[in-house]
Amino acid sequence: MTRPFRLLTASGTPYLFLLPGLVILGALLSVPLYKVVEYSLYDNVIVERNPTFVGLDNYRNILGDPGYWSAGFNTIVFTVGSVVGHMIVGIGLALLVNADIHPRARTFFRSMLVLPWIFTAVVVALNWQLLLNPFGLINYILDWLGLISEPLDWLGNPDLAMWSLLLISTWRGYPFIMVSFLSGLQTVPRELYEAADIDGAGFWHKFWHVTLPQLKPVIFGVALLDLIWTFQLFPLVWLTTGGGPGRATEVLSTLTFRLAFVDFEFAQAATVAVSILIISAAFTVLYLRNEARRL
Amino acid sequence: MKRHLPKWALAAATSVATLLPASLPAAEIEWLQWFAAEDPTGFYDQLVEDFEAQHPDITVKLVTQPFGKVRESIVTDNAIGVGSDVLGLNMPWTTEFLDIGILEPLDDYLARDDNSFATSDLVEAPIGKIDGKTWMVPLNAFPFVMHVNMDLVKRAGFDAPPTNWEELSEQAAAIAALEDGISGLGLPFSSQPPSNGPILTFLPLLYSNGGRIMDGTTPNFDNAKVVETMEFIKTLNEAGAIAPGAASRTGGVDLEEFIAGRTGFLISPGVHSSAITGRNPDMDYTLVRVPTNGTNAYRVHGWEIGISADSRNKEAAWTFVNYLLSPEVNARVAKASNALPGNLAALDAVREGADDTLIKQMDILSGDTPVEEMRQSPKAVASWSLMTEELQSLLRGDQTAAEAAAAVQARWMDQIK
């Protein structure tokens with residue numbers, strides 16, 4: 001065997017091991033990514049066999065469209081509202097199921113509370129549609145309590161639809177925060193709580209001055225991850241409200257789908273998709289920096 | 001010099017030969033449709049098997065998807081060049097599919113002498129020419145009708161279903177007043193996909209009022225008949241006759257609520273009668289023509305089939321279409337879907353042993369005027385999304401009927417410019 005060949009084999013072997021992963025990544029990620037960016041630079045892609053290159057015209061059109069900004073605003077409301085909901089409910093429940101109770105009861109509650117995470121978006125959407133139906137259970141209970149005089153159309157009233165969606169999203173997404181926070185809680189040294197007990201600290205003092213500071217990196221990390229996921233969430237919104245009533249719950253991901261498969265404006269859809277990609281990428285960079293700092 | 005094949009080549013050739021079937025089919029075609037998804041009996045698998053038995057040189061791969069997914073699949077499959085050969089189609093998709101070049105014109109196939117059917121026997125609406133050509137043929141047909149829960153009609157003090165708008169208004173309000181949770185009529189105006197409530201309920205009422213939303217191939221939504229029909233449903237809503245939550249009510253929920261006996265009337269395709277009688281056999285049920293306001297016209301609908309322009313097996317695809325349209329096979333398809341045949345030569349075979357609901361649909365089809373405007377509509381699917389949004393706004397009281405009609409027209413024209 002010649003020396004150059006030996007050298008090539010020695011230095012190339014690691015790359016050979018990387019090759020399958022690189023090929024899969026290339027096929028599954030880079031090609032679609034490239035195609036979406038390419039589509040956004042042409043007019044009437046897919047509909048036209050020979051689309052015209054239009055440069056950044058689609059971006060100019062989208063940025064001048066009030067529908068895009070309205071969907072963008074809804075996306076921010078939905079994302080921030082969902083993440084805040086996930087954090088409050090997730091952290092609260094993590095503290096509860098971390099309490100010193102009978103191990104069997106603890107396992108039971110932990111298992112039950114993780115359930116919303118297991119259901120698919122279709123199941124979640126259908127169940128909540130039934131619950132929030134004008135003749136559904138929630139209206140029945142509110143009526144029984146004397147809080148409403150006539151049934152509310154939770155998902156069909158523009159003033160209520162986004163709030164209803166946030167409720168559903170919170171219910172669906174809190175288990176991830178709960179599980180992450182719960183595992184973080186196991187890592188807080190017990191000595192810190194013992195020291196706080198000796199100092200006479202109550203539950204809230206211990207939570208604010210021991211638990212939260214200890215878990216700040218975890219909270220920041222999972223909140224960013226949740227932000228990235230929720231920002232581009234499509235199925236739950238599409239299956240629950242379809243972006244309606246009117247466009248009251250239209251978010252950027254449902255706008256992308258509407259432009260592509262309702263209006264057949266694939267180039268415009270690709271443009272909105274690229275804008276989602278850019279924002280998601282920015283969040284991802286933030287997340288990776290945070291993770292790097294923790295290591 | 002005598003040359004021998006190397007042993008390894010001989011072995012390879014033998015292996016390949018044993019792996020190959022005795023006779024390869026000349027063609028394999030794919031049939032993408034939603035029909036089998038709506039038939040729990042396995043009828044379409046049997047249909048394909050029977051075809052393959054008669055045509056051993058062709059195999060058919062049945063690709064079944066829910067209705068809501070098929071349009072999307074046809075477009076994306078076509079874009080990446082893996083489209084099915086025979087396509088299950090819905091008339092409103094026609095114009096947008098022509099814009100993309102998905103469909104093969106069928107005129108040359110229809111002109112052949114050896115077809116199993118006569119073109120003149122086919123239901124007219126789907127084969128009407130667009131751009132001078134025929135693009136699809138009807139597998140079955142059904143009118144939009146009004147399904148009636150006679151239990152509720154009788155409890156409200158009436159002997160017979162409504163025949164005109166005035167009676168509909170009176171009966172729907174009386175049924176809604178019976179008890180909490182019971183409504184006269186449902187309007188499925190949810191934005192959820194396919195968001196097609198207006199074409200399920202609004203258009204049938206408009207046609208029974210003698211109105212139209214198209215002027216040839218141009219949207220003409222802003223007209224007096226449209227406004228009058230919108231005002232009628234607004235009046236029904238204000239009288240409390242409409243089920244609450246129209247803006248979140250899907251077509252599926254509307255059907256389920258009727259089957260569960262919580263709605264007096266349901267305006268939807270006649271083909272839903274089998275689901276209603278099958279799922280709630282105890283209901284005192286009947287179907288009637290959509291109550292009129294002076295015109296006996298109905299929205300005609302059906303399941304259509306066409307051939308993909310990119311198909312590599314167009315001859316085999318047509319052989320299969322030809323088989324489906326033969327009077328015997330088409331009668332079987334119609335009976336299986338509790339609809340009328342696309343080939344009217346199969347009508348007598350279908351009528352034989354047909355139940356009362358099917359006979360009533362036949363009477364509507366033969367006596368009233370069929371209307372189908374969506375197949376010529378540009379951006380049809382997007383257009384009914386717009387209608388949904390403006391009708392939601394109308395029922396909320398955010399705008400008048402005239403404003404809603406003008407808004408749909410303006411937005412629709414903006415879509416197609």
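Tutor: Contact, the idea behind "covers", means heavy atoms within 4.5 Å. This is a predicted model, where local features need pLDDT of at least 70 and side-chain atom pairs 80 or more, while totals for chains, interfaces and linings use all residues. Residues are numbered from 1 along each chain, chains are lettered from A and ligands numbered from 1 as written, and side-chain values use heavy atoms, without hydrogens or water.

Let's start with helix H2 of chain B, residues 43–54 (helices are DSSP runs of H or I with at least four residues, strands runs of E with at least two). Its twelve residues reach 17 Å from first C-alpha to last, close to the 16 Å expected (1.5 Å times one less than the number of residues). Which residues of H2(B) are buried? They are Phe43(B), Tyr44(B), Leu47(B), Val48(B) and Phe51(B) (buried is under 20% relative accessible area, exposed over 50%, partly exposed in between, with a 1.4 Å probe and protein chains only). These five cover an arc of only 135 degrees around the axis, which puts them on the same side of H2(B) (the arc uses directions from the axis to the C-beta atoms). The cover over the buried residues of H2(B) includes strands E1 (27–33) and E2 (58–64) together with helices H13 (314–325) and H14 (327–336), again in chain B.

Now turn to helix H17(B), residues 380–396. Its end C-alpha atoms are 25 Å apart, which agrees with the 24 Å that 17 residues should span. Of those 17 residues, 16 are buried, so H17(B) is largely enclosed by the rest of the structure.

The side chain of Glu389(B) meets that of Arg411(B) in a salt bridge, 2.8 Å from N to O (the rule is a side-chain nitrogen of Lys or Arg within 4 Å of a carboxyl oxygen of Asp or Glu). Arg411(B) belongs to helix H18 (residues 401–416) of chain B, so the pair ties together parts that are 22 residues apart in sequence. Arg411(B) is partly exposed, at 27% relative accessibility. Both partners also join a network of salt bridges with Glu390(B), Arg247(A), Glu250(A) and Arg258(A).

In the loop between strand E14 (369–371) and H17 of chain B sits Glu372(B). Glu372(B) forms a salt bridge with Arg299(B), at 3.6 Å from N to O. Arg299(B) lies in strand E11 (residues 297–301), and the two residues are 73 apart. Glu372(B) is buried at 12% relative accessibility, and Arg299(B) is buried at 1%.
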